[in-house]
Amino acid sequence: MRTDTPVTIYRKDYRPYPYAIPQVALEFDLDPDTTTVRCTMQVERHADAAADAVMQLDGEALELVSLRVDGQAWPDAQYSVGAHALTLSGLPARAEIEIVSRCHPAANSTLMGLYVSGDSFFTQCEAEGFRRITWFADRPDVMSRYRVTLRAPAAYPLLLSNGNLIATRQLPDGRGEAEWEDPFPKPCYLFALVAGRLTHRETRVNTASGREVLLQVYSDPGSENRTQWALDSLVRALRWDETRFGLELDLDRFMVVAVRDFNMGAMENKGLNIFNAAYVLADADTATDANYEGIESVIGHEYFHNWTGNRVTCRDWFQLSLKEGLTVFRDQEFSADMMARDLDPAAAASARAVKRIDDVATLRAAQFPEDAGPMAHPIRPDSYQEIGNFYTATVYEKGSEVIRMQHTLLGEEGFRAGMDEYFRRHDGQAVTCDDFVAAMESVYVKQHPGRNLEVFRNWYRQAGTPRVAVTLDYDAAAQRCTVTLAQQCQPVGVERRADNPAKQPFHIPFALGLLDRQGKPIALRVDGREQETALLELTTARQQWVFEGVPSAPVPSLLRGFSAPIIVEYGWSDADLALLSAHDTDPFARWEAGQELATRQILALARLHQSGQTLRADGAFIDAWRALLTDPALDAAYRARTLALPSEKTLAERMAQIDPPALAAARDFLRAELGRQLQAEWRAAFDGNQTPGEYSPAPGPAGRRALKNQALAHLMAAGIDGAQGLAQQQYASAGNMTDSMAALSALLNYGTGEAPAQALAAFYERWKHDPLVVDKWFTLQATARSATVQTVRALMQHPAFTLRNPNRARALVFQFCLNNARGMHHADGTGYAYWTEQVIALDALNPEVAARLARALDNWSRFVPALRQPMQQALQAVSAHPGLSRNVLEITSKALEFAAQS
Ligand code: TRP
Ligand code: ZN
């Protein structure tokens, strides 16, 4: 018997809630074992609701103490309590409902609702965690003003909640009390409280309109010297939203709190953001360049939610991308602007391209596979079983691409006008993705008379990554180039059910340039103006564009800046790609050309490996890489991206049958070959990009470290004489965590003799008191080339390992199952048996996190035949496990049902 029967919720079934709940008073008597919550709500039946409408309140893992309506105990016959709801009937049109309930924070390992981490209390309510705190209408379209009273023993001196602090007092019984009031109506998923003994850092700044606001970052005692970067990032985010979007902070006080046990990255609770400590704490000794960048971007993301998510929120959870896609777009732009600040135009363009490349690489590695697999869904899904499973790369990253395309179609000014219109129409409301597009469309139709965004809306309705086939016809006599674009997108995931309607074309902004055979840009006449890039708007299955005055047969530079989340099909020759990789003036397309060359090279090597032949790297490819490595015009950060080989996940998408060992062997071989054949150049890059002196996480020095450490990895991979000495020396003398980890990683993956084990042991000894660094230590080992199920199992026996802390579980178990294809997809099937055990063990503690691990086998049906059957069996074993959560069951049952055709 299952504890939960799967129920599918459909977007088309949306109905407004029959009652408004304008006011909520919450009183907490906090105690780790049993906390008592008194929730008093003012409710008003909506004018158009039936007089006998029942009031259904969601609740989970709660005990009812008492229920009163307008001060009177409510008769037994007029309510019922089930495992998931409290249902009241016979209510008057207006009433005050008071519910007293109990919950158990210390025993709450799900980290949803109210829980204990370390010696403090925290909450996580999105998406449906509030129902673990009290019975309530736990849906985003019910918005209320909250007044919160917190009472806790003296061991919890700090008592925080949303909004403004009204009063604090000492109670006669020795406990403390604090009262908070949030002036803004909000859905309950934005409620938060924190209680404990924490330290903090703060600053005061004036907003654009001159109001003074208090910004605070709270963290564990002893970590106060690691919160400066987070606080500085918060100030930058506040300024950026003012200047780029004209949006001001609306509260007098804005708090960020770091917690060690957290299911995801961070949460935008109104005025009281709660963060995974990994996205707050940083100093040079313990945080990498990537950590610094991640903190700035997540601090920005949560801060930006204050307008895109909180002031304007979602009508229902199908609209999740309304806030997430838009807020990811905003955080990406924030990071790009921060990286490009204070640079001359050429350097700024390169810096922005680096950010774009990183974002697109993430999209391709995480979202493209999702969009081709059993969990494929439109950015606005039509159905779900468990909403926690839809905080996906599609909703977030593809959602951001869909916003970016609107930005591209409207231009910066037009997009800003659309945003202004969105807030003018919907401030204070819970709305839909359609409402957002309608606001943008109101600007678009003025810019483009006779056109609209109707076809564009298909991005919200349909899943899958469209493929656009490009043909070029050049007429030398007429000096005319005709470009044809043809799109198609096969049904994926639930779309493959027989009753699904045929798919419609997408509105695809397609940026294109043409180069001549010397690599010089050809001017394109568009609307009477000469441009280097033309923005084509493909809105039907197939369209043509004619360019006149093209003097010679061109090489096309396609999808510049990655202007749409699609796959381009064009038959470039390798020579075309080498030309683009050396000369394209669009830095994104230039990177892309090199990636395509490398992809072809690795796939060819993988085929050689599969047929047991000797691997040999193509000389022209090595030459292209040499040209990039030695091009003095490229800055280090950009160069590091151009020289990085495509990720295994991206490469797997290009294989008819995914063969991880063959891919790994091919990629390894090429890396070693590049190291060997370009050793002098790598050595020069290693020596020429040292960053002595005081550590700075700024893009300049971070880019130099990226290139230098890439050089070190290549020298080590090739087994070059002296390389191990360089790595050991760097490890011994590193002045920052980026260099320290890069050296350790190189030693671990390619080192020989005692050095790797010694460095690993030294690292642990030095950092064993620091959980975020211990996570890194586990990750390095989980992703090492030598890692196997046996070594990972042994690491699980280490005293520092626990499945209860999500960061620790992710550092070891997830990293192995999701990011170490070679170890995981071993032909003996032991990886799958390990995965089965871990999904089941984690599910008993934390279903949200377990469901993410469950996704490791999503694309089982696309692997080589020998791996398919053991993967399918593992999925069946998990699905059949008694008492499985509906979170995990949705993932495994969809993986089995909607397996892609291979
Ligand atoms: N809304 C959060 C964000 O994107 C993410 C989030 C959703 C979350 N559900 C969560 C975080 C559960 C932690 C736990 O910023
Ligand atoms: Zn978000």
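Helices, as named in these legends, are DSSP runs of H or I of at least four residues, and strands are DSSP runs of E of at least two, both numbered from the N terminus. Every view is taken from a predicted model.

**View 1. The loop between β11 and β12, with a cis peptide bond between E126 and A127****.** Most residues other than glycine have a negative phi, and most peptide bonds are trans. The bond that joins E126 and A127 is cis, with an omega of about -5°, and A127 belongs to the loop that runs between β11 (120-124) and β12 (143-152). A UniProt annotation from an unreviewed entry, "domain: Aminopeptidase N-like N-terminal", covers residues 108-190. Over that span the model is 0% helix and 52% strand, and the C-alpha atoms at its ends lie 20 Å apart.

**View 2. Strand β5 with its partners β6 and β9****.** Strand β5 (residues 63-69) runs antiparallel to strand β9 (residues 94-103), to which six bridges join it, and within this pairing S66 has V100 of β9 as its bridge partner. Two bridges also join β5 to strand β6 (residues 72-73), again in the antiparallel sense, with Q72 of β6 as the bridge partner of V69. The hairpin formed by β5 and β6 has two residues between its strands, and there D70 adopts a positive phi near 50°. A positive phi, near 55°, is also found at A61, a residue other than glycine, whose place is in the loop that leads from β4 (55-58) to β5.

View 3. For residues 229-444, UniProt lists "domain: Peptidase M1 membrane alanine aminopeptidase" in an unreviewed entry. In the model, this span is 59% helix and 9% strand, with its end C-alpha atoms 39 Å apart.

**View 4. The open four-stranded sheet in the order β32-β26-β25-β34****.** The pairing in this sheet is mixed. Because β32 (542-548) and β34 (567-569) stand at the edges with a single partner strand each, one side of each is left without a neighbour in the sheet. Neighbouring strands are turned against each other by 25° on average, direction ignored. Strand β26 (residues 480-488) and β32 run antiparallel and are joined by seven bridges, with A486 standing opposite R542 of β32. The UniProt annotation "domain: Peptidase M1 alanyl aminopeptidase Ig-like fold", from an unreviewed entry, covers residues 464-570, and over this span the chain is 0% helix and 50% strand, with 19 Å between the end C-alpha atoms.

**View 5. The packing of helices α16 and α18****.** Two packed helices are described by the angle between their axes and the distance between the axes. Helix α16 (residues 723-733) packs with helix α18 (residues 755-767) at an angle of about 10°, and their axes are 12 Å apart. Angles under 35 degrees count as roughly parallel, and α16 and α18 are therefore roughly parallel to each other. From α16 the contact draws on Q724, Q728 and Y731, and from α18 on A755, A759, A762 and F763. Sorted by class, the residues of this contact are five nonpolar, two polar and no charged.

**View 6. The packing of helices α24 and α26****.** Here helix α24 (residues 847-854) and helix α26 (residues 886-897) pack at an angle of about 15°, with 8 Å between their axes. By the cut-off of 35 degrees, α24 and α26 are therefore roughly parallel to each other, and their crossing is right-handed. The residues in contact are P847, E848, A850, A851 and A854 of α24, together with N887, V888 and I891 of α26. By class, the contact of α24 with α26 consists of six nonpolar, one polar and one charged residues.

Key:
Residues numbered from 1 in each chain as written. Chains lettered and ligands numbered in written order. Predicted model: local features only at pLDDT ≥ 70, side-chain atom pairs only at ≥ 80, totals over all residues. Heavy atoms only, no water. UniProt positions renumbered as here; feature names shortened; annotations may be inferred. Axes fitted to C-alpha atoms, helices over the stretch in contact; angles between N-to-C directions. Parallel < 35°, antiparallel > 145°, perpendicular 65-115°, else oblique. Left-handed = near helix turned anticlockwise from the far one by under 90°. Contact = heavy atoms within 4.5 Å. Nonpolar A, V, L, I, M, F, W, Y, C, P; charged D, E, K, R; others polar. Pairing = 2+ DSSP bridges.
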